[in-house]
Amino acid sequence: VQLVEFGGGLVQAGDSLRLSCAASGGAFSDYAMGWFRQAPAKEREFVATISWSGDSTYYHDSVKGRFIISRDNTNNTVYLQMNNLKPEDTAVYFCAAGLWTATSRKEFDFWGQGTQVTVSS
């Protein structure tokens, strides 16, 4: 499965941004999808995940109530709607595919190259 992220950019605190991740080369609806992020000099951390059907979602506490993960299995795309962005959300955001709806990086087998999100104060 190949994954390509879109939608990163430079925004101000309080703004919204929507990331997209397009999948190809595999049965997209067979996979749970996740978003992770990595800030400079920090470990890559879990942000959100969604089950293959879209019925189950989980979020890191720091983004609950602000971010929404969704998917379109017809168009092989997963989204991350990010609202009320904060400077601490600044990071490279990665999408990932795995067989389980999980929060650990180890459970995801396929990764995109990432897209930069920068939030200015």
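Two strands count as paired if DSSP finds at least two bridges between them. The exercises below use a predicted model.

**Exercise 1.** In what order do the strands of the four-stranded open sheet lie, and which strands stand at the edges?

Solution. 
- Step 1. The order is 1-3-8-7, and the pairing is antiparallel.
- Step 2. Strand 1 (2–6) and strand 7 (67–72) are the edge strands; each has a single partner strand, so one side of each has no neighbour in the sheet.
- Step 3. From one strand to the next, the twist averages 15°.

**Exercise 2.** Where is Thr90 found, and which backbone atoms does the Thr90 side chain reach?

Solution. 
- Step 1. Thr90 belongs to the loop between strand 8 (77–82) and strand 9 (91–98).
- Step 2. The Thr90 side chain reaches the backbone oxygen of Pro87 at 2.9 Å and the backbone nitrogen of Val119 at 2.9 Å.
- Step 3. With neighbours within four places in sequence set aside, the contacts of Thr90 are Ala39, Gln116, Val117, Thr118 and Val119.

**Exercise 3.** Is Gly54 buried, partly exposed or exposed?

Solution. 
- Step 1. Gly54 sits in the loop between strand 5 (45–50) and strand 6 (57–59).
- Step 2. Buried means under 20% and exposed over 50%; the relative accessibility of Gly54 is 28%, so Gly54 is partly exposed.

Definitions and conventions:
Residues numbered from 1 in each chain as written. Predicted model: local features only at pLDDT ≥ 70, side-chain atom pairs only at ≥ 80, totals over all residues. Heavy atoms only, no water. Helix = DSSP H or I, 4+ residues; strand = E, 2+ residues; numbered from the N terminus. Polar contact = N/O pair within 3.5 Å; in protein donor to acceptor, adjacent residues only side chain to side chain. Contact = heavy atoms within 4.5 Å. Buried < 20%, exposed > 50% of the residue type's maximum accessible area, 1.4 Å probe, protein only. Axes fitted to C-alpha atoms, helices over the stretch in contact; angles between N-to-C directions.
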